[in-house]
Amino acid sequence: MSDKIIQITEMNKWFGDFQVLKNINLEVEKNKKIVVCGPSGSGKSTLIRCINRLEEHQQGSIIVDGNELTEDTKDIEKIRAEVGMVFQQFNLFPHLSILDNCTLAPIWVKKMPKKDAEELALQHLEKVQIADQANKYPGQLSGGQQQRCAIARALCMEPKIMLFDEPTSALDPEMIKEVLDAMVNLAKAGMTMIVVTHEMGFAKEVADEVIFMDEGMIVERAETKEFFANPKSDRTKLFLSQIL
Amino acid sequence: MKNLNFLQPDNNNLSTYLYTGATLVSLSIFIVFLNSFFSKDVISFLPDTISFLLPLILGFIGLHLIRIDYSGLKFLDTINKNINTNNFNAFLSLLIVFVVIKSLPPLLSWFIIDANIAGDSKDVCTGSGACWTYIKIWFNRFMYGMYPNPEQWRINLSFIALAFLGCIGFFATEKFKKYLTLYYVIIYPVIAFFFIFFFISGGPIFFDFSYGIIAAVISIVLGFFIPSKFKMYYFIIVPITFYILLKYVFFYEELIELGKLEALEWVETGAWGGLSLTFIVSFFCLIFCFPIGLFLSLGRRSDLPIIKYISIGMIEFWRGVPLITVLFMSSVMFPMFLPEDMFIDKLVRVIIAISLFEAAYVAEVIRGGLQALPRGQYDAAKSLGMGYWKMHILVILPQALKLVIPGIANTFLALVKDTPLIFVVGLLEIVGMLNLAKTNPEWLGFAMEGYVFASVLFFIICYAMSKYSYNLEQKYKTER
């Protein structure tokens, strides 16, 4: 088995008549950290939502950990259980406490005994430093704490890949740091990560590669240092000059 | 005393303003009170118009004088803030107080002072007030309908037992809390059905109580010695085995007469009625319409076209026809489509009809709640690997149902108040019984008392339900 954990070939996606993703080819190796950046509307969120099939692609193929994403729902659920995702709007379950948020999926999807699930959840909550909030409800926490809880919730499924969809865009500047710290720790622990973000500092610190997308296409893909030092395309140069 | 400015009351002469104002207000209320309760017009020496308006004017000036901001007196500030913020509000407050005082005496006299309750025939009702004797005499009928008097203990027993079983949730220990939903959703309705079927109806008995009780006692006693690991299987299998053994192997019919219950006399559903029927119909309709509505609402949002269009069809059909026609069809048309020898009881048909009818409303209410949830909740649940049912049961429905508690309560209240309509198929619950009693030649002319009585009962039931729904809302509130 190759160590390519995600393989996307010739993938196209339309929303109605509008083509959001054009001819995407992307391979991600195990334990690599990849940052996807680009202007809004460039299709980066759609791309990573396709990876665990929250959006359907119409052409091409996506192979995650050896399984191709098809219509078959059983496979999709299996893949989703192996791919953790963190959303811009946190999307915690407001009717459950933080601890229950984290144990829900392990108990019901992975059939883990409740005790083990709670232990595991507390471990992960400890890692993102909100174990003391475990019995509160999401509505009682700050945005940064909620996002860290969302990371812990995804980790509790012990995924092989973590997808981050603009995890810090809905946060105050002060809270961005605590979430990024949690993500940096995760990266150092060797997780395969695909991160859509505008935090170039984070990209420089942890990313192995950076992908720049515009108008539904991958414009440039390069090693992090290379990407920031001498970007090849003009579009990338323009983008970097605007946000750096 | 500093100079008084009566147009601009202030804090400096607080007590002067306060005493003058309070005196004027009390005086005006006193005048209306005398007028209303004792028919004494103490100001009749004044011209008509003035004497009519005088209490209002006096009270108005009085309220104006006591309208002092930040007086430091807590009571006064509360009054000013709530009923006396400006001239217009003061005027309205006075009017409301006067109307209440004016309308109390006639109400009191009708309800209590001139009302009769003693005696047991219509002759005692001579006063101008209500004739509660009528309610007293007919009380039995209003509660039990045409149910035979000597058998009414069956209804009482069933209702008391069911009320008791229904309260179990309040006493459950932590250990049993997780089974409560199962209990209330499945076990409790089944028990209720058995009670109604065997006790109230006296339906065919397929279970011999004496053998059953002996079997239960023996198996419970033995149950103490069984390791807890096997208890579950034990209590399912052993009592039934014992029962069969007792009945067919050890004892023959002739040998044991011990504690054998005589079969209960069968009472057909046409004879049921009154408040007990209201309860029975409401209870079963509430229990059935909720899950049906839930599935219809999920079906309507489904991606599968057949399920989706069947759900839409069901919802739109049942919402589109009036309840009274549905009931009529259920009793007149429906039997025509059934095979000759097949018979479904009238009450059952009515319960099915009302349940389906209300389920359509419940479905739309729940759909409102489902649509109010942000898409992110679905995404999050899916991204954790949950399938359709897990996602809905664990994540979506708990939130959506919490959102629609007020709407569901609304529908349920409407359902309870729709039950009188079953009179069209000849079932007489409490309002039906009222109408029947109203036309009794011996008791003509007491419709008013009957309707007041029924409204009070309905109000108590509905208010209790609405309070309960409010409590639920508070209980499941997890937002900040």
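**Close-up views of a predicted two-chain model**

**View 1. A nonpolar surface patch on chain B.** Helices α1 (14-38) and α4 (87-113) of chain B each supply at least two residues of the nonpolar patch. Helices (H or I, at least four residues) and strands (E, at least two) are DSSP runs, numbered from the N terminus. The largest share, 8 residues, comes from α4(B). Val100(B) lies in this helix, α4 of chain B. The patch covers about 1100 Å². Its residues include Phe30(B), Phe33(B), Phe37(B), Phe38(B), Ile96(B), Val100(B) and Leu104(B). Patch residues have over 30% relative accessible area and no salt bridge; like charges are joined within 9 Å, nonpolar side chains (Val, Leu, Ile, Met, Phe, Trp, Tyr) within 5 Å. Accessible areas come from the Shrake-Rupley method with a 1.4 Å probe; for residues, only the protein chains shown count as cover.

The model is predicted: local features need pLDDT of at least 70, side-chain atom pairs count only at pLDDT 80 or more, and totals for chains, interfaces and linings use all residues. Residues are numbered from 1 along each chain as its sequence is written, chains are lettered from A and ligands numbered from 1 in the order in which they are written, and side-chain values use heavy atoms, leaving out hydrogens and water.

**View 2. Helices α5 and α12 of chain B.** The axes of α5 (residues 132-144) and α12 (residues 274-300) of chain B come within 2 Å and cross at roughly 20°. Axes are lines fitted to C-alpha atoms, for helices over the stretch in contact; angles run from 0 to 180 degrees between N-to-C directions. The crossing makes α5(B) roughly parallel to α12(B) (under 35 degrees; over 145 is roughly antiparallel, 65 to 115 roughly perpendicular, the rest oblique). Arg141(B), Phe142(B), Met143(B) and Tyr144(B) of α5(B) meet Gly274(B), Leu275(B) and Ser276(B) of α12(B). Contact means heavy atoms within 4.5 Å.

**View 3. Helices α6 and α9 of chain B.** The axes of α6 (residues 152-166) and α9 (residues 180-200) of chain B come within 10 Å and cross at roughly 170°. That makes α6(B) roughly antiparallel to α9(B). Among the residues in contact are Trp153(B) and Leu157(B) of α6(B), and Tyr184(B) and Phe195(B) of α9(B).

**View 4. A salt bridge in chain A.** The side chains of Glu27(A) and Lys4(A) meet in a salt bridge (3.9 Å, N to O). Glu27(A) lies in strand β2 (residues 18-29) and Lys4(A) in strand β1 of chain A, so the pair ties together parts 23 residues apart in sequence. A salt bridge is a side-chain nitrogen of Lys or Arg within 4 Å of a carboxyl oxygen of Asp or Glu.

**View 5. Positive phi in chain A.** Glu10(A), not a glycine, has a positive phi of about 45°. Glu10(A) sits in strand β1 (residues 4-15) of chain A.
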